[in-house]
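Trainee: I would like a close look at one part of this model, the nonpolar core, and at the chain around it. Please take me through it in one connected account.

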Amino acid sequence: MTVIQRLRYSRFWPMLWKEFIQMRRDRLTFLMMTGLPAIQLLLFGYAIQTDVRHLKTVVLDESRTAESRALVTVMANTGNFDVIGQVANRDGIRIAIENGEANAALVIPPDYARDVMRGRTATAQMIVDAADPQSSAAAISGAQLAAQVRATQIVGERLSIAPPLDMRVRPWFNPAQRSAVFIVPGVIGILLTITMTLIAGIAVVRERERGTLEQLVVTPIGKTSLMLGKLIPFVVVGYVQMTVVMGLGKLIFDIPVRGSVILLYALTVPFIVASLGVGLFISTFARNQGQAMQLAFFFMLPNILLSGYIFPRMAMPEPAQWIGLALPLTYYLKVLRGILLKGVGFGELWRPTAALVALALVLLAVSVRRFTKTID
Amino acid sequence: MSSSAAAAPAAGLPPAVETVGLRKTFGPLVAVDRLDLTIHRGEVFGLLGPNGSGKTTTIRMLCGLLTPSAGTAVVVGHDVAADPEAVRMRIGYMSQRYGLYDDLTVDENIKFYATVYGLHGRARTERLEAHMRDIGITEFRSKLAGTLSGGWKQRLALACATAHEPEMLFLDEPTAGVDPAARRAFWTSIYDLAARGTTILVTTHYMDEAERCQRLAFLSRGHLIGLGTVKEILAQFKQPTIEDVFIELQRRDEGAAA
């Protein structure tokens with residue numbers, strides 16, 4: 001038989017054909033293909049805001065001068081504060097913060113403008129609801145920034161000289177410093193992990209549960225055909241999900257696609273293989289779909305927490321960083337963010353790629369070894 | 001049952017099944033022990049025994065689903081352990097759970113298994129049509145397998161297991177939980193297959209089915225304790241019916257366990 005004939009009559013095709021029919025009839029899978037990417041995208045894209053901005057702020061301006069209004073403007077311009085109104089006295093501040101109407105309050109004392117005019121050190125006060133340390137940190141840094149900016153302006157006006165130092169920060173790749181830009185590429189990685197480990201793992205376990213795996217094992221279908229036919233449809237689903245997220249990400253969150261999409265699709269292969277390896281591995285342990293689901297979720301948790309998807313790995317204690325090194329997602333996130341946000345090529349990404357390929361080979365080898373064509 | 005399908009070894013062909021010292025252990029449990037069994041070509045052979053006597057384990061070893069712990073099993077001329085793929089091409093297997101895809105139609109189930117067994121193109125189409133006619137399921141061809149009744153599922157499973165016209169067919173309690181009419185129809189199909197030269201190994205709990213087999217083997221606690229035609233078995237155990245043999249065996253088992 002020629003290679004073409006062998007390919008044409010491979011027992012891989014009926015498996016693939018059957019799998020696609022089943023997928024088409026399974027409403028849950030269809031939902032998962034389209035709904036899951038959309039939900040994940042909106043959930044993570046909108047809800048996860050690690051940068052706290054637009055803190056609702058009330059102002060108690062006892063100075064009521066052009067000077068005090070200038071300070072309020074500078075504060076608002078940092079972007080960390082949204083001035084939602086004026087209050088008449090200290091009680092007004094207390095009530096606003098206690099009610100949750102405001103997270104911060106700016107108090108400008110009556111002698112603020114006079115102090116500025118006379119060249120004395122003027123004081124203003126920032127009151128912060130610090131119950132949530134992330135928002136209070138944003139308020140504190142915003143207040144400090146505003147004070148410096150205004151102080152420099154005042155010194156400049158007073159002495160009629162240019163400011164001695166102007167530090168210009170250029171936030172590359174994500175100039176507006178939006179969380180979504182950081183998170184959404186990661187959503188692709190998370191979705192692929194779910195699809196390949198959970199859904200593919202369950203699909204194999206389901207065949208075992210229903211007794212069809214036993215039936216398949218007595219047929220002459222080879223182990224490779226069996227697994228390829230079973231798993232390739234999920235690879236297709238994965239690429240569809242990935243494309244959907246990139247499209248919606250561009251549309252809704254204006255996520256850039258700076259690098260080569262083809263390179264991204266290519267470098268996704270080792271990640272998918274590695275994740276399928278995990279899914280297959282799970283399927284060799286789990287005796288029923290419930291167990292498979294539990295095992296897959298058990299695997300998802302470190303992926304969400306330790307891969308750098310949301311929390312920066314640099315901030316983690318070392319043991320947590322080591323665990324992260326064993327996760328395919330850790331490396332794939334570098335690929336995703338590298339290509340989408342930085343627009344880098346293979347030259348910059350060969351290290352994470354090599355790690356992905358290595359993990360893929362190990363995981364696949366282990367799970368294929370465990371997946372034997374007998375049932376004992 | 002026609003006499004032409006009698007238990008005579010076909011000339012030139014190795015026996016359908018030949019096991020020597022076949023043994024399977026699961027940890028400390030010995031499921032099948034030192035089983036020597038020969039099944040001739042074209043036979044309808046019944047494997048009987050109480051629950052846990054090793055029937056299913058034996059069938060699973062013969063199909064290559066389980067690896068024997070010791071001994072050899074040669075099925076349709078090929079060693080199960082050494083060359084499982086050669087065996088798989090030539091056998092059909094129908095488990096108690098049928099192995100059907102509930103979310104595929106009748107058509108698609110047969111087509112899937114036929115293609116997995118290497119049938120393609122017109123040969124496949126013709127075979128499928130003939131098979132569906134044989135089992136009378138043509139009118140349900142586009143129904144999902146999951147919506148069929150037990151009897152129809154059983155017939156569909158038989159069609160799937162025999163789509164490639166195997167030399168040897170293993171049936172593990174094929175009629176469990178099926179109504180009497182469906183059982184009768186099923187056995188008609190079995191005799192049709194046997195008349196065309198297919199060797200059949202069937203396990204069952206139904207005594208009337210046991211009596212339809214040409215030869216029987218009784219297993220008890222993993223051991224072969226009786227082998228022969230129905231008449232020979234009755235004589236060996238000095239019982240009036242196969243059912244009495246069965247009850248006698250179960251009594252002995254329980255006596256041994258106590």
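**The core and its surroundings**

Mentor: In this predicted model, the largest nonpolar core has 141 residues, and B:V75, B:I200 and B:L201 are those with the most contacts inside it. The element that gives the most to this core is helix α8 (residues 179–210) of chain A, with 19 residues. As background, nonpolar side chains in soluble globular proteins tend to be buried together.

Take B:I200 next. Setting aside neighbours within four places in sequence, B:I200 is in contact with B:V44, B:F45, B:L169, B:L171, B:I190, B:L193 and B:A194.

Four bridges join β3(B) to strand β8 (residues 199–203) of chain B, and the two run parallel. Within this pairing, B:L47 stands opposite B:T203 in β8(B). Four bridges also join β3(B) to strand β9 (residues 215–220) of chain B, again with the strands running parallel. Here the bridge partner of B:G46 is B:L216 in β9(B).

One point of reference is B:V20, whose bridge partner in β4(B) is B:T72. Both strands belong to an open sheet of four strands in chain B, with the order β2-β1-β4-β5 and antiparallel pairing. Its edge strands are β2 (29–39) and β5 (78–79) of chain B, each of which pairs on one side only.

B:D208 is found in helix α7 (residues 207–210) of chain B. B:D208 counts as partly exposed because it has 13 C-beta neighbours inside 10 Å, whereas a buried residue needs 20 or more. The C-alpha atoms of B:D208 and B:E243 are separated by 8.7 Å, although these residues are 35 residues apart along the chain.

For the setting, consider chain B as a whole. Chain B has nine helices and ten strands, and buried residues make up 44% of its 258 residues. Among contacts in chain B with a separation of 6 or more, 68% are between residues 24 or more positions apart. A compact globule of 258 residues would have a radius of gyration near 18 Å, so the 18 Å of chain B agrees with that. Along the principal axes, the C-alpha atoms of chain B fill a box of roughly 55 × 40 × 40 Å.

That leaves the contact between the chains, which takes 24 residues from chain B and 20 residues from chain A. On the side of chain B that touches chain A, α2 (84–90) and α3 (106–116) of chain B each supply at least two residues. The most comes from α3(B), with five residues. By type, the residues on this side of chain B divide into twelve nonpolar, seven polar and five charged.

Technical notes
Residues numbered from 1 in each chain as written. Chains lettered and ligands numbered in written order. Predicted model: local features only at pLDDT ≥ 70, side-chain atom pairs only at ≥ 80, totals over all residues. Contact = placed C-beta atoms within 7 Å. Nonpolar A, V, L, I, M, F, W, Y, C, P; charged D, E, K, R; others polar. Rg over C-alpha atoms; globule rule 2.2 N^0.38 Å. Buried ≥ 20, exposed ≤ 12 C-beta atoms within 10 Å, placed from the backbone. Pairing = 2+ DSSP bridges. Core = buried A, V, L, I, M, F, W, Y, C linked by C-beta atoms within 7 Å.
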